[in-house]
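Hi,

Here's the structure I promised to pass along.

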Amino acid sequence: MSEETIGDVAAPGGPVSGERISWIIALDGDPIRRNLLITQCYHDLSSALAEALGPDNANWCTYATWASKTAGRFIRDDEIPAAFRGLLSSSQPLSVTLTRVNDALRQVQDVRELHEEGLLNMIRGVVHDVAEKIAAGNLAVFGELAPVFARAIEALAAMPGENANNAIIESLTPGPSNRAGQSLLASALRAYAQARAEPDPARRAALMLLANGQVGLHEQIRLQPFIQESLDAPIRDPVHDAAAELSEGLSRSLAHELHAIGSRLLHPVVDLACKLWDELATRELMKLELPDGTLTLGADLPAPHGQPLYPERLNPIVRPDVQAFLDQYGADQPGTPGTHAVDWATLSDRMRFILDMFRSRQCDGALLGEPFTPTQLHGMLTGGSVSGAL
């Protein structure tokens, strides 16, 4: 993006304060600015946790920074609609199929043609709805987890040892994540505190991986409905709606004739549009942009540049409970194919890739880098304009 005005109210409180987090959550009228500030707040939380737990291992907020920044591309609605329109307009099979439909429609008196531009505009609305679902998922996770991590940072700073997070753990709701429970978060907070007190680097790294993975699983359970709805965008409805509009004002006889033609010939148009959306959504939704490059979630996980797939302190995993967690999702295949997510809509499939990615990048210091330039950050925090690539 070149330049955009994203708000007019300056951010209150400190970077990881409850006041700042509540203010970000309340920015209902400015989802673009809210996403940018969520991304920055995750970075600030990540940095504060790194100070409390040690900078040698990434924490969950470290990964969340880059996932939120990647989600911003959809939320800003600035690339994906144009890309999808380009796919549709350049698809020769779709053009040919639509021509056949219009040839048949011309045989019906007083019926307009089903113009490609009209279809593109209607489908663009669907893509906008997907962007709203991604923004809603981004906000839902941040709204629950950011306050928990902010409290954990305060607790870790105030108390040494493994019991630092006990008061926060007691305040969380017992139960599974898919029933509004927070037991995975409680276990993760306990593991973070244990990691801080663990002197052995390999065991400390394993505890950090266990904590990150449990937060990641809780997050993905919470995101499941948003992800499913985004991948299953209702492309069929606007195409059929566009055809149905052609029958407005026609006699019953002509309307019957038009709908019969649509029923016979329109399904290939819809199927092609859905296929193109599936291809784009798979490519664009299933990616994660990190400082050292873009990970394609539908491909096997590459090793970090110039490094082995897993850092030495996490290969092998020295704690049986952590290894069992990885084994449960098949994230236990160092250096071999099969780490990619075959079906991103399936939770266990996503988790196999996520756990493997967490393990692979846990010691990558580049992930602690700033997600935005100082000038961009100033604009976001003060409500001014933001320029440059985001």
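This is a predicted model: local features need pLDDT of at least 70, side-chain atom pairs count only at pLDDT 80 or more; totals for chains, interfaces and linings use all residues.

Of the chain's 390 residues, 51% count as buried. You'll find 14 helices and 4 strands in there. If you take the contacts with a separation of 6 or more, 73% of them are between residues 24 or more positions apart.

Now the inside. The largest nonpolar core has 122 residues, and the ones with the most contacts within it are Tyr42, Leu45, Trp60, Phe149, Tyr192 and Trp277. Helix H6 (residues 116–158) is the biggest giver to this core, with 17 residues.

Tyr192 brings us to helix H8, where it is one of the buried residues, along with Leu185, Ala186, Ala188, Leu189, Ala191, Ala193 and Ala195. H8 covers residues 183–197, so 15 residues, and spans 22 Å from first C-alpha to last, close to the 21 Å expected at 1.5 Å a residue.

Last stop is Ala195, also in H8. Why does Ala195 count as buried? Its relative accessible area is 1%, and the cut-off for buried is under 20%. Beyond its neighbours within four places in sequence, Ala195 is in contact with Arg204, Leu207 and Met208. Ala205 sits 10 residues from Ala195 in sequence, and their C-alphas are 7.4 Å apart in space.

Cheers

Technical notes:
Residues are numbered from 1 along each chain as its sequence is written. Side-chain values use heavy atoms; hydrogens and water are left out. Helices (H or I, at least four residues) and strands (E, at least two) are DSSP runs, numbered from the N terminus. Buried means under 20% relative accessible area, exposed over 50%, partly exposed in between (1.4 Å probe, protein chains only). A nonpolar core is a set of buried Ala, Val, Leu, Ile, Met, Phe, Trp, Tyr and Cys residues joined through side-chain atoms within 4.5 Å. Contact means heavy atoms within 4.5 Å.
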